[in-house]
Amino acid sequence: MYAVIKTGGKQFRVQAGDLLVVEKLDGEPGAEIRFENVLMLGDDAGAVVGTPSVDGAAVTGTLIETR
């Protein structure tokens with residue numbers, strides 16, 4: 001499964017295990033981050049495209065470092 005999220009004014013295609021470098025995030029290393037602006041969800045069976053975002057969808061990750 002993959003998702004297209006929007007953060008820091010940019011769009012990213014992400015899936016489990018991806019390492020992502022994004023701008024404009026606050027937090028401490030090790031903190032969980034939740035991206036709620038999910039524009040699309042997809043897998044081998046097809047995709048769900050939001051209008052503009054997919055209702056109820058979120059992507060979570062762990063903040064590694066800030067610069």
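A nonpolar core is a set of buried Ala, Val, Leu, Ile, Met, Phe, Trp, Tyr and Cys residues joined through side-chain atoms within 4.5 Å, where buried denotes under 20% relative accessible area, exposed over 50%, and partly exposed the range in between (1.4 Å probe, protein chains only). The model is predicted: local features need pLDDT of at least 70, side-chain atom pairs count only at pLDDT 80 or more, and totals for chains, interfaces and linings use all residues. Residues are numbered from 1 along each chain as its sequence is written, and side-chain values use heavy atoms, with hydrogens and water left out.

The largest nonpolar core has 11 residues: A3, I5, F12, V14, I33, F35, V38, V54, A57, V59 and L63. At least two residues of this core come from each of β1 (2-7), β2 (10-15) and β3 (32-35); strands are DSSP runs (E, at least two residues) numbered from the N terminus. Within the core, F12 is in contact with A3, V4, I5, T7, L20, V21 and V22, neighbours within four places in sequence being left aside. Contact here means heavy atoms within 4.5 Å.

The structure also holds 2 salt bridges, each defined by a side-chain nitrogen of Lys or Arg within 4 Å of a carboxyl oxygen of Asp or Glu.

| Salt bridge | N to O distance |
|---|---|
| E23 and K10 | 3.3 Å |
| R34 and E36 | 2.8 Å |

E23 is partly exposed at 43% relative accessible area, and K10 is partly exposed at 42%. In the other pair, E36 is exposed, at 51% relative accessibility.

Definitions and conventions: Helices (H or I, at least four residues) and strands (E, at least two) are DSSP runs, numbered from the N terminus.
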